[in-house]
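Q: I have a model open and want to learn to read it feature by feature. Can we go through it together?

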Amino acid sequence: MDWPKGFEGLCYGGDYNPEQWPEEVWKEDVELMRRAGVNLVTVGVFSWARLEPSPGVHDLGWLDRVLDLLHEGGIGVNLATPTASPPPWFGLAHPDALTVTADGVRLTHGSRDTYCVSAPPYRDASVRIATTLAERYRDHPTLVMWHVHNEYGTPCHCDHVAAAFRTWLRARHGTLDALNDAWTTSFWSQHYSAWEQIVPPRATQYLPNPSQALDFRRFVSDAMLDHFRAQKAVLRELTPDVPITTNFVLGDWAPVNQRHWAGEVDLVAIDHYPSSNPPEETAFAADLARGWAGGRPWLLMEQSVVTYTGPRMVAKRPGEIARLSLSHIARGSRGAMFFQWRASRGGAELWHSGMVPHAGPDSRIFREICELGELLPSLREAVRAPVEAGAAILWDAEAGWALQAPGLPSAELSYPEAVRQAHRVLYRHGVTADFAHPSADLSAYGLVLVPGLYLITDADAANLRRYVEGGGTLLVSYLSGVADEHARVRRGGYPGALRDLLGVRVEEFHPLPPDLAIPLSVPGGGPLRAHTEDAGRPGDERLPSGRGKAGETGESGERQDTGTFWSEHVHLRGAEALALYTGSHPSAAALSGVPAITRNRYGTGTALYLSTRLADDAYARLLGLRPAHVELVRRGEWLFAVNHGDDERTMASGLCLPPGGYAVLKVRD
Amino acid sequence: MDWPKGFEGLCYGGDYNPEQWPEEVWKEDVELMRRAGVNLVTVGVFSWARLEPSPGVHDLGWLDRVLDLLHEGGIGVNLATPTASPPPWFGLAHPDALTVTADGVRLTHGSRDTYCVSAPPYRDASVRIATTLAERYRDHPTLVMWHVHNEYGTPCHCDHVAAAFRTWLRARHGTLDALNDAWTTSFWSQHYSAWEQIVPPRATQYLPNPSQALDFRRFVSDAMLDHFRAQKAVLRELTPDVPITTNFVLGDWAPVNQRHWAGEVDLVAIDHYPSSNPPEETAFAADLARGWAGGRPWLLMEQSVVTYTGPRMVAKRPGEIARLSLSHIARGSRGAMFFQWRASRGGAELWHSGMVPHAGPDSRIFREICELGELLPSLREAVRAPVEAGAAILWDAEAGWALQAPGLPSAELSYPEAVRQAHRVLYRHGVTADFAHPSADLSAYGLVLVPGLYLITDADAANLRRYVEGGGTLLVSYLSGVADEHARVRRGGYPGALRDLLGVRVEEFHPLPPDLAIPLSVPGGGPLRAHTEDAGRPGDERLPSGRGKAGETGESGERQDTGTFWSEHVHLRGAEALALYTGSHPSAAALSGVPAITRNRYGTGTALYLSTRLADDAYARLLGLRPAHVELVRRGEWLFAVNHGDDERTMASGLCLPPGGYAVLKVRD
Amino acid sequence: MDWPKGFEGLCYGGDYNPEQWPEEVWKEDVELMRRAGVNLVTVGVFSWARLEPSPGVHDLGWLDRVLDLLHEGGIGVNLATPTASPPPWFGLAHPDALTVTADGVRLTHGSRDTYCVSAPPYRDASVRIATTLAERYRDHPTLVMWHVHNEYGTPCHCDHVAAAFRTWLRARHGTLDALNDAWTTSFWSQHYSAWEQIVPPRATQYLPNPSQALDFRRFVSDAMLDHFRAQKAVLRELTPDVPITTNFVLGDWAPVNQRHWAGEVDLVAIDHYPSSNPPEETAFAADLARGWAGGRPWLLMEQSVVTYTGPRMVAKRPGEIARLSLSHIARGSRGAMFFQWRASRGGAELWHSGMVPHAGPDSRIFREICELGELLPSLREAVRAPVEAGAAILWDAEAGWALQAPGLPSAELSYPEAVRQAHRVLYRHGVTADFAHPSADLSAYGLVLVPGLYLITDADAANLRRYVEGGGTLLVSYLSGVADEHARVRRGGYPGALRDLLGVRVEEFHPLPPDLAIPLSVPGGGPLRAHTEDAGRPGDERLPSGRGKAGETGESGERQDTGTFWSEHVHLRGAEALALYTGSHPSAAALSGVPAITRNRYGTGTALYLSTRLADDAYARLLGLRPAHVELVRRGEWLFAVNHGDDERTMASGLCLPPGGYAVLKVRD
């Protein structure tokens with residue numbers, strides 16, 4: 001079981017919080033939902049305090065009426081367990097179940113997510129309220145899906161956590177000796193002589209142990225997963241036919257290993273709030289979600305009708321709501337859901353947008369919502385075939401966690417930024433990318449990019465060798481492969497586990513100051529190019545360049561390519577140099593003539609190493625890619641085309657898309 | 001009773017802290033005070049630890065001698081209750097009465113203001129020390145005024161506060177249902193089923209409840225007011241003829257609703273420390289104080305002889321001490337007081353300036369202090385008549401508090417900035433402004449400005465309608481009127497409570513990025529102008545432009561006016577458009593042709609709506625104002641004129657003011 | 001006893017942490033050490049948890065084997081007591097001995113330095129482990145030196161500290177009255193009526209008491225010194241012939257008064273990690289260390305083979321490891337030690353560099369380490385004679401601590417920056433400088449600079465008068481001398497204790513905004529010059545200008561000199577003006593014509609006062625200095641010459657140094 005019955009087409013709707021409104025509004029809600037074409041709403045995410053106003057005292061009548069009303073309106077319900085926000089009484093009754101920060105501050109109710117997933121009182125109360133709901137609504141005809149909790153992502157540092165962390169560590173490391181070795185506790189006198197000595201990373205004097213920090217992030221993800229599983233068990237037992245999911249948040253802070261969790265949910269669901277370049281970020285998020293889902297359908301559970309840029313909320317441009325929804329759907333989402341149905345009039349998110357804005361249905365926003373609701377049913381057929389990807393990018397949450405350690409050679413290292421650049425280059429050049437884990441079977445891909453994969457296991461390194469041996473092309477970027485799964489540096493020269501495959505040995509890192517760009521020269525002259533032939537990707541239209549840097553001259557290549565941010569003292573150990581560091585700047589002189597980009601023939605494939613940061617256009621030329629102007633995604637005989645830009649675009653097929661236009665076409669029979 | 005007897009002229013002096021100095025210095029102090037023309041000093045503000053060195057053990061002899069000396073010197077005493085800084089022994093004896101931060105950190109003595117106004121031990125000790133002083137000095141001939149506490153403004157989050165907050169909430173909301181509704185606790189599962197569940201906003205996981213936060217700020221102001229009232233009661237009983245006040249601080253952090261407090265003090269007193277543009281900030285602060293005082297005389301209780309800019313202390317320019325004092329007096333202050341008389345040689349504020357600086361009386365500063373002391377008595381007659389204002393600006397502390405919530409459509413929204421712009425435009429164009437509460441009778445004003453009045457009650461909205469109906473001109477700026485008194489958004493379109501009055505309906509907000517300026521066009525061409533006739537304000541001299549932005553071309557108007565920071569999708573519902581958003585910038589294209597500034601005839605008056613931020617000069621042209629070069633304030637037959645600038649200025653009357661010059665003239669008989 | 005026997009030449013080596021590695025690596029270590037010429041390694045700094053895995057249970061066998069192996073290899077051991085990082089079990093057994101922050105957060109193990117030096121359990125455990133080591137290795141032939149603890153510098157705010165602070169204060173002030181007076185507790189009602197009321201500066205409401213804060217910093221230094229002394233006592237008793245030291249850290253945060261400590265260690269040792277301009281910072285640090293050592297040999301205990309700039313680690317340029325080591329040695333270090341021998345593969349500092357980098361011995365770094373190891377023995381003779389200094393700079397840790405108080409006239413005041421500028425000007429102009437305490441005998445120096453000496457005792461001020469009286473030249477910079485030893489301002493005009501000596505009286509400070517430069521004019525015209533004759537310093541080569549500001553025109557002097565950052569209203573009281581403030585900028589007009597730089601003939605010497613900040617080149621011209629291009633240090637008949645720059649340099653002697661070249665020459669017989 002993975003997809004809710006009766007929803008073989010596309011889900012359309014959003015979070016619906018009727019408890020915020022008087023009952024007379026509910027009727028208008030259902031009527032407006034019908035007008036908008038909504039077929040699924042998520043109910044009850046934050047309703048625990050209304051469902052159980054006092055410990056053990058339940059008030060489910062209002063929810064009965066809401067579900068009945070929705071059912072009468074033909075709208076399915078994605079019913080949430082409300083555990084993401086325990087009621088005020090909960091923390092007062094169980095102070096030991098409230099979140100404790102690393103500084104030892106015990107948080108108080110008054111917002112949301114004030115709990116500790118490892119605290120027994122909270123685990124028990126969570127299962128009880130989930131059971132109550134499942135027992136009550138197991139047979140309700142409008143129950144379509146279970147939405148457990150909300151946006152898991154809240155670490156705690158209390159003593160319950162300490163105990164659970166120790167249990168988890170025993171299971172992971174087996175013995176204290178193994179843990180001491182994995183964490184290199186000999187450094188700074190951190191050797192543990194008893195399990196009881198181990199605590200979560202709490203406020204301490206100076207730098208934490210990076211291996212302990214990494215294991216704690218793994219533990220936190222697993223501890224939350226345990227909390228999820230406990231609810232899932234009762235829901236599965238009581239409603240064996242109803243799919244169960246939870247909504248993943250994206251973001252660097254998120255302590256959830258989504259790939260790991262994907263095996264536990266019946267369907268992958270994500271919340272997505274782009275902030276600076278919505279089209280690019282949407283493609284990135286959707287491709288990530290598809291990767292977690294292993295190519296199966298997934299669901300965009302939350303998006304919004306405005307853009308949250310951080311300092312301000314920016315209205316979406318006309319049609320943008322539909323275009324971004326379509327981009328998600330093209331890349332595998334089986335629907336477009338929003339937070340939330342009706343904008344709140346109070347509470348912490350009273351300025352969070354809604355499908356029905358404060359101004360009411362007589363508004364541009366609601367009209368666009370209705371238009372989108374009309375469009376979606378027509379896509380039912382087009383979303384059947386799998387998304388076709390031209391390349392894969394390796395992605396591993398643990399590598400990102402490890403790169404959040406302090407004390408790295410550069411404090412500016414960012415795993416998300418490295419991965420986003422790889423994806424952005426492909427996206428802007430018309431290549432649809434899958435995200436894959438380093439352990440995945442990569443043999444289907446002609447090209448695999450490996451940005452910033454700081455840590456890698458021996459087994460995964462072997463997997464990459466097999467891939468290249470079998471004829472694949474692998475592009476590894478700087479700082480990949482240097483650490484093992486315990487975040488320990490591999491000795492003998494960087495990039496550690498990938499030295500042999502890449503045919504290089506790196507002696508020393510040379511992180512660069514922000515204003516330094518080292519010119520690169522190509523041995524024998526000519527343009528920077530990893531392949532002699534063009535890559536022949538489907539991209540033939542240039543996408544709008546939302547993040548183009550001043551000074552990029554695009555594909556003309558007349559400007560001298562440079563390496564920025566990072567450089568390395570690379571020695572060839574079998575590879576050949578595609579580009580060399582040059583120039584006489586004092587900070588770079590020591591690298592003059594040293595290889596910057598290398599190519600190694602390995603088996604029947606090619607392993608490229610990029611020891612510096614290239615501008616996007618140079619990165620693309622290295623791969624032989626040509627710019628694209630329109631977002632194109634192929635799924636079997638269907639082509640999704642979205643013009644996010646301000647100019648009219650005519651494609652090779654003759655199809656002409658006006659600014660902001662889109663089309664879903666049958667292109668093969 | 002409001003003004004101290006014998007002080008019908010102007011008060012001149014400052015905080016006098018003799019306990020910092022050996023007794024031989026006291027005699028020099030009194031002699032220098034007489035030389036400087038000082039007639040009032042504030043004594044004892046921080047003397048609790050010297051008056052009561054151990055619990056219940058008093059040492060008042062030194063204060064007897066100080067008061068006797070001052071009396072002999074003919075200097076009146078504004079006697080402080082020293083409760084703003086309890087002695088070290090107090091917190092050690094009553095740890096539960098020390099301030100607790102939102103994070104739960106209990107503060108320690110070692111600075112000042114380490115107490116909780118809601119803690120019974122502190123309330124009791126405060127009343128006891130006030131009683132001791134009042135009993136001792138009730139008949140001392142030099143006692144002129146009581147100065148209760150100092151700069152109230154210290155919130156606490158302890159359990160005493162939690163209990164007091166609940167009591168306050170019961171009184172405000174009556175029932176839990178009403179509170180749950182006012183706070184929209186249905187959102188994020190915050191519903192309270194018992195009063196005991198409610199606590200102050202403490203460290204929590206994520207965004208706080210904005211209505212709870214707003215009520216807490218109201219409560220904190222009221223809790224401090226209770227503390228004030230308790231002292232006032234004993235002082236009034238023991239010294240029924242001595243006025244009682246406290247000194248208000250200005251500043252965005254200040255959790256005191258000064259307008260509310262003004263009804264409780266016998267005279268309004270403020271401390272004022274300008275930081276970047278002293279003349280403008282002085283006019284602003286003085287007009288605010290006059291507003292709180294309801295037009296009655298008030299007192300500038302603290303200012304300094306240098307300017308504190310934040311990063312550094314800047315010496316005042318020659319004559320600036322007198323000019324700024326005169327500006328305060330022109331705008332209603334019945335005196336000029338300083339912190340402090342003699343600069344300290346130690347302690348936390350050893351580098352805070354004094355009327356007698358570290359260098360001693362042989363100094364430019366003390367000479368200027370003496371010159372000012374000579375000037376003030378000559379103003380006795382000129383300050384009798386009320387200040388004449390040409391316009392009013394609405395001001396409400398609660399609107400500012402509400403706009404400090406996180407999660408607003410723009411994180412850069414600033415109530416003080418919005419209000420300061422309105423005041424600055426009037427000030428620079430020669431219009432003296434009153435500040436009024438939205439509930440005030442506005443019928444005397446030809447023009448009322450409403451900047452950033454985020455929340456407004458139904459009754460106050462009706463008051464504004466009455467004002468315009470009766471012929472007034474009201475200029476409402478963006479984000480006003482959108483929320484009710486519980487900080488809940490009013491539904492159906494912005495600006496909520498003011499839609500009818502303004503004849504518009506706003507569908508959507510479009511906050512703008514910092515670098516975007518949307519051109520505005522005037523339908524039918526011509527300059528931006530709300531009135532066809534000139535406003536004919538008294539301004540005929542241009543003030544120095546301390547904050548002029550590069551690129552402002554002043555009144556020539558040849559440059560295209562633009563809207564910045566904020567824009568809105570405005571629909572006309574009876575109003576006419578005075579200016580439209582135009583231009584093809586992608587971020588603004590959706591608003592092209594949409595009204596930006598509107599005018600609605602309502603009753604016999606006019607209601608203008610400004611949905612974006614204008615540059616100061618455009619704002620002034622909209623109102624038909626002409627620049628002024630000299631600060632002018634009329635009070636009956638007297639005119640106060642201050643030239644803060646670097647150029648000589650000749651006024652219409654023929655009076656010529658040199659750079660830095662000032663005059664107080666009788667202009668009507 | 002001060003220098004280890006058998007180490008009359010130079011020490012070479014680094015921190016060696018064999019417990020991080022399997023025993024098979026140890027043999028390779030010793031072999032590589034021999035290859036590199038290493039003769040001394042610091043062992044055991046962070047080994048407590050391995051030496052005493054459980055309370056009272058010791059495992060010293062591995063250390064026996066390490067020491068034996070090193071001895072066999074001919075390598076001496078600087079044996080550390082491991083108290084800088086207690087094992088995890090320690091804090092769990094003695095939670096009262098863990099560090100408490102000013103906010104009351106009790107830190108947890110998991111990093112290093114989680115202890116309180118004033119907690120009895122920690123003091124006792126420290127002495128016990130030191131005793132254990134001394135008893136075990138007192139007769140080990142390879143024991144050369146004791147390295148107590150590591151980088152003392154961790155303050156605590158717990159109740160143990162409060163008690164110890166009170167004891168310290170009783171000893172310092174004698175009576176509560178004296179303390180109340182010294183701290184000016186009359187301000188803000190901080191008067192103490194019992195010793196028990198005094199606590200460390202903890203989280204409080206607003207500004208702390210600066211005198212309390214200063215005394216606390218003094219106390220923290222002394223409390224750590226007590227901890228050091230307790231270990232030293234047992235080590236001295238058990239190993240009377242082995243020198244005992246600890247490694248000082250530099251840095252503004254460091255709460256250790258190194259000059260005070262220098263009298264307690266058998267030899268001064270420092271750790272030095274330059275961050276932005278390694279050659280200049282090295283000269284500065286080495287001269288400071290020599291000053292603490294009173295001219296005796298000292299030891300560079302830690303440096304690194306890369307540069308830590310804060311945001312990133314930067315590879316050293318070819319030869320830079322040797323050049324900086326040589327610069328330290330030229331300035332008095334009897335060796336060059338590194339942290340650490342072998343780069344770690346895990347733990348918090350896994351990316352900290354090592355003499356044997358991650359890449360292993362086949363690396364540029366290790367090759368340069370070997371080259372340096374070859375060079376050092378040849379310097380044995382050259383380092384015998386004392387360093388010859390051409391000037392002294394006064395330096396006092398307490399002045400720096402006092403300038404870290406909030407509430408100073410400028411928040412941008414920086415003692416380190418003021419001292420560094422004085423040193424930099426001398427360094428770049430070929431003048432080797434000693435650092436001296438204000439109480440030192442200065443009669444040997446022709447020139448003494450006094451930058452930012454905020455506080456000074458009466459006795460030290462008299463010492464400076466004696467120095468000038470006897471013919472010395474003293475250059476005092478702004479803000480010196482204004483406070484007494486309790487950080488109380490001296491009244492009657494600045495610069496307080498130095499008014500008479502300088503022949504000036506300053507009435508008022510005028511800190512300047514960052515963008516303001518006040519032109520300076522020289523009365524009678526001509527260049528800025530304190531002396532009529534050239535200073536005739538040894539400098540004849542210009543050093544590379546790592547921090548030169550754009551716009552400095554060097555010695556041509558055609559550009560108008562200006563004062564920045566700070567200015568003062570200076571009155572002459574016997575001195576003559578060398579330069580006057582001029583110009584019409586409104587912020588500076590009040591000072592036009594006021595003396596900016598003055599000269600006072602006092603006794604047979606000259607006292608100069610600089611009331612503003614000069615650019616480096618103007619500062620140098622004032623002193624009659626000529627630029628130097630090569631670092632030169634004379635020691636008796638030997639000259640050390642290092643060319644840190646990118647150009648070849650030929651000196652007057654005809655010696656030609658290529659870019660990056662260096663030489664140690666016998667120049668006199």
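Q: How many residues of chain B are in contact with chain C, and how many of chain C with chain B?
A: Keep in mind that this is a predicted model. The size of an interface is often given as the accessible area lost when the parts come together. Here we count residues instead. Chain B brings 49 residues into contact with 44 residues of chain C. On the chain B side, α2 (48-51), α4 (88-93), β10 (313-315) and α12 (364-375) each supply at least two residues. By class, that side of chain B has 22 nonpolar, 17 polar and 10 charged residues.

Q: By what turn and shift can chain B be laid on chain C?
A: The turn is 120 degrees, and the shift along the axis is 0.0 Å. The RMSD is 0.0 Å. The two copies are thus related as by a three-fold rotation axis. Look for Val105(B): in chain B, its C-alpha is the one nearest the axis, 5.1 Å from it. Now try chain A. Chain B can be laid on chain A by a turn of 120 degrees and a shift of 0.0 Å along the axis, with an RMSD of 0.0 Å.

Q: Into which domains is chain A divided?
A: Domain 1 takes 11-160 + 203-378, domain 2 takes 391-622, and domain 3 takes 631-666. The centres of domain 1 and domain 3 of chain A, taken over C-alpha atoms, are separated by 32 Å.

Q: How many residues of domain 1 of chain A are in contact with domain 3 of chain A?
A: Nine residues of domain 1 are in contact with seven residues of domain 3 in chain A. On the domain 1 side, α10 (278-292) and α11 (320-330) of chain A each supply at least two residues. The largest share, four residues, comes from α11(A). This side of domain 1 has five nonpolar, two polar and two charged residues.

Q: What does the UniProt record annotate on chain A?
A: An unreviewed UniProt entry carries the annotation "domain: Beta-galactosidase trimerisation" over residues 389-522 and 560-623 of chain A. Take the two stretches in turn. Residues 389-522 of chain A are 27% helix and 21% strand, with end C-alpha atoms 30 Å apart. Residues 560-623 of chain A are 11% helix and 44% strand, with end C-alpha atoms 17 Å apart.

Q: In what order do the nine strands of the open sheet in chain A lie?
A: Strands of a sheet pair through backbone hydrogen bonds, either parallel or antiparallel. In this sheet the order is β5-β4-β3-β2-β1-β11-β8-β7-β6 (chain A), and the pairing is parallel. β5 (244-245) and β6 (247-249) of chain A stand at the edges with a single partner strand each, so one side of each has no neighbour in the sheet. Then zoom in on one pair. β8 (residues 298-302) and β11 (residues 333-338) of chain A run parallel and are joined by two bridges. Trp298(A) stands opposite Ser333(A) in β11(A).

Q: In what sense do β23(B) and β24(B) pair?
A: β23(B) pairs with β24 (residues 638-642) of chain B in the antiparallel sense, over five bridges. Arg635(B) stands opposite Trp638(B) in β24(B). The hairpin has two residues between the strands, and Gly636(B) takes a positive phi near 60 degrees.

Q: Are the residues of β23(B) buried or exposed?
A: Five of the five residues of β23 (residues 631-635) in chain B are buried. Check each face. Glu631(B), Val633(B) and Arg635(B) lie on one side, Leu632(B) and Arg634(B) on the other, and both faces are covered.

Technical notes:
Residues are numbered from 1 along each chain as its sequence is written. Chains are lettered from A and ligands numbered from 1 in the order in which they are written. This is a predicted model: local features need pLDDT of at least 70, side-chain atom pairs count only at pLDDT 80 or more; totals for chains, interfaces and linings use all residues. A residue is buried if 20 or more other C-beta atoms lie within 10 Å of its own, exposed if 12 or fewer, and partly exposed in between; C-beta atoms are placed from the backbone. Two strands pair if DSSP finds at least two bridges between them. Two residues are in contact if their C-beta atoms, placed from the backbone, lie within 7 Å. Ala, Val, Leu, Ile, Met, Phe, Trp, Tyr, Cys and Pro count as nonpolar, Asp, Glu, Lys and Arg as charged, and the others, Gly among them, as polar. Copies are superposed by least squares on the C-alpha atoms of residues with pLDDT of at least 70 in both. UniProt positions are given in the numbering used here, feature names are shortened, and annotations may be inferred rather than shown by experiment. Domain bounds come from an automatic or database domain assignment.
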